[in-house]
Amino acid sequence: TRLKAQGKYNPLTTQFVMGLAGILIEQGRYGDAEKLIRSALDIQRTVGIGDDSQYSAQIISQLGAVLTFQNKVPEAARAYAELDKAIAKWEPKRREVLELSGSRITALYASGQIEAGLAAAQELVKREVSRVGERHFDAAAARGALARGLALAGRDADAAREFKAAIPILMAAQRENADDDDETVSAARSQRLQAIVETYIGLLAKSGDGGQASLEAFALADAIRGQSVQKALSASSARSVVKDPALAELVRKEQDLGKQINAQLGGLNNALSSNTRDESVVSATKASIDKLRVDRSKVREDIAKRFPSYAELIDPKPPTVEQIREALVQGEAMLSFYFGRSGSFVWAVPKDGPVAFASINASSGDIESKVRKLREALEPNAAMISDIPAFDVALGHELYSLLLKPVEAGWKQSKNLIVVTNGALGLLPLSLLPTAPAQVEANEDVLFASYRKVPWLARTHAVTMVPSSAALRTLRNLPPGKPERSELIAFGDPHFSTEQHDEAMKPVKLADASGGPPASVATRGVPLQRRNSPKLDGVDSAELALLPRLPDTADELKSIALALQADPSKVLNLGKEANEKKVKTTDLSGFKVLAFATHGLVPGELNGLTQPALALSAPAVSGAEGDGLLTMEEILALKLDADWVVLSACNTGAGSGAGAEAASGLGRAFFYAGTRALLVTNWSVHSQSARELVTDLFKRQAVDRGVTRGEALRQAMMATLDGPGYMDASGKTEFAYAHPLFWAPYTIIGDGGRR
């Protein structure tokens, strides 16, 4: 903006803008990237560089691609029409580079020009196979684009043949290049792979091939969905957990071979694009890449054979349906969702009986808009209890009918549901979906009491989540925890600045941790007291000190300790004691429950933060070394033997799914470190009801040694919903806890089915 205001335009400015656009594309921020690409094109035109120049034409092509990503079909078609006009006088070979692109073919398909798209796709396949060979990602992606066109043209048998040829190569290449330094290339590849696999799953869904098609589609969805989860574990984080010298050497060798492959691929692309192409150099480079791939495969096989738990961490293999059934117990069913840009699907896998499989008539964007609408009543901008919006039970039932009803035959007879999903559904517990139409009274004697009559899914089914179906198998194969473990160790109410610490040290009246609320105010005029969540939107530079303190979490942790009959003075680390050094130097393997009552953060949320992390007390407060952040890499290095890790203020619904990303990355790290389940919050909880619910959960586990984690949470939620609610000093109910904001904020991620 500053350069434009000064009238200083030059080619470096354009390259800078396009570089920023590439970063935004990698982050999935296509709308922002579009603005920058249009700005770059404007710069070119302002300085008199015509659209027929090489760089301007590339910018127009990139604009068409990003419009295609956003499903802005008419605009993408106009951009490609501009491109055609700009390069009309180019020589054919030069023009072909921009004319034959996957995004342009996608735009042709989306605009209904199927035959034109097919013709371009066939030419693209010929060019890429000639250029890089059949087994290269680019050739397989071209074949996948052809398969998509054949499917759209109704040529299902031809489409299936091309899909079966392309997808295994694409999946293998995606895994091989997961640590590719060029994130923009990686993002573009993920987009192409996703579009191809979604179309093939749709083809399988309509094939009528009974169980076999549904099983093939299930495995594909699980693999493609797992790509985003797997990226949460970077190569550096994985390497940090390597303690065995033999494994460390193998890991270094595997990663070095990966870097050599990527470097050689870059050299191959340069050789192929050269005007003076040397076929002997191209052939030698291809042969070298093939040998490096063989060597890397052998190292990976060695790692998998000698160190299976590490291999599962860096490259989990999607299990078959039969393997999932083996991991389930009677009364359990897995619900697997896949939400894509062009198609969405659901599978219900019971312990016994046929798999139920259905297409969902909604895209990932459709589901996200419905989820966000429902969350307006769960994360409201409300100062008073009476300001809490009504939960949209009609929309909730609509979502139930869309997602769960089509596969009821596969899950309804079970009592425990294990959910695997991608996208926005991770921001909403399925427990709060009504299973039948319901209405909530507008004028209630007791506020929110009529929500007790709604047939919530939680009335009949316990629901837990797992990051992937592979994770469930891994968790179910863990040995039981050592019986001599202590009940609890907890870290909470960290002080993120010296100012917070000084304020905390001032004498104040201590809160009553026994559960009684403070003196009441007027009916329906009770303030909505919720935990603070980070408010970093629009903040250019964010430091640890900007995070709000969570003083009420100390009371919750004390209540958990009392429920587990543990001495709070011995097991709670609060304030400045909730620090990195204390976590890292304590033998955490000796505890059944490990609780963190603090903020969960994601990359970029604080300056220099490159991976998910938990925020702990600032070094200036604690006097301990470190940066005040327990990162995913540091969690991977912990040694746990925990039944639970409680993240009671790590809001998985924060921002645009950022907290869900944190829970995913942190969850996988905690699972690797040695926990069986995580308890996380989906929104900023109401302090009083949250404390009562979690206390009740652990009381139920302490009293009934047979109750599972998932069922204990379900019972605690229903007790909160049906209980007396918030009472004044005289014992009169001020308002019920039957609104889902109060009873549904917690989700179990991991193994909720066994003790």
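Contact is taken here to mean heavy atoms within 4.5 Å. On this basis, among contacts in the chain between residues at least 6 apart in sequence, 74% join residues at least 24 apart. The structure is a predicted model, in which local features need pLDDT of at least 70 and side-chain atom pairs count only at pLDDT 80 or more, whereas totals for chains, interfaces and linings use all residues. Residues are numbered from 1 along each chain as its sequence is written, and side-chain values use heavy atoms, with hydrogens and water left out.

The secondary structure of the chain comprises 31 helices and 16 strands; these elements are DSSP runs numbered from the N terminus, with helices (H or I) of at least four residues and strands (E) of at least two. Of the 755 residues of the chain, 54% are buried, where buried denotes under 20% relative accessible area, exposed over 50%, and partly exposed the range in between (1.4 Å probe, protein chains only).

Helix packing was examined around helix α9. Two packed helices are described by the angle between their axes and the distance between the axes. Axes are lines fitted to C-alpha atoms, for helices over the stretch in contact, and angles run from 0 to 180 degrees between N-to-C directions. Helix α7 (residues 102–110) packs with helix α9 (residues 137–152) at an angle of about 5°, the axes being 10 Å apart. The two helices α7 and α9 are therefore roughly parallel, a term applied to angles under 35 degrees, with those over 145 counted as roughly antiparallel, 65 to 115 as roughly perpendicular and the rest as oblique. I105, T106 and Y109 of α7 make this contact with A145, L146, R148, G149 and L152 of α9. The residues of the contact of α7 with α9 comprise five nonpolar, two polar and one charged; Ala, Val, Leu, Ile, Met, Phe, Trp, Tyr, Cys and Pro count as nonpolar, Asp, Glu, Lys and Arg as charged, and the others, Gly among them, as polar.

Helix α8 (residues 114–132) also packs with α9, at an angle of about 160° and with the axes 8 Å apart. This angle makes α8 roughly antiparallel to α9. In the contact between them, residues of α8 including I114, L118, L124 and V125 meet residues of α9, among them A142, A145, L146 and L150. By class, the contact of α8 with α9 has 13 nonpolar, two polar and four charged residues.

Among the strands, β6 (residues 486–492) is largely enclosed by the rest of the structure, because five of its seven residues are buried. Strands are regarded as paired if DSSP finds at least two bridges between them. β6 pairs in the parallel sense with strand β8 (residues 591–597) over six bridges, and I489 has L594 of β8 as its bridge partner. β6 also pairs in the parallel sense with strand β7 (residues 572–574), over three bridges; here F491 stands opposite N573.

A separate description applies to an open sheet of three strands, which has the order β9-β10-β11 and antiparallel pairing. Its edge strands, β9 (600–601) and β11 (629–631), each pair on one side only. β9 and strand β10 (residues 613–615) are joined in the antiparallel sense by two bridges, and G600 stands opposite L614 in β10.

Finally, R700 lies in helix α29 (residues 687–703) and is partly exposed, with a relative accessible area of 25%. Not counting residues up to four places away in sequence, R700 touches V707, A712, Q715, A716 and A719.
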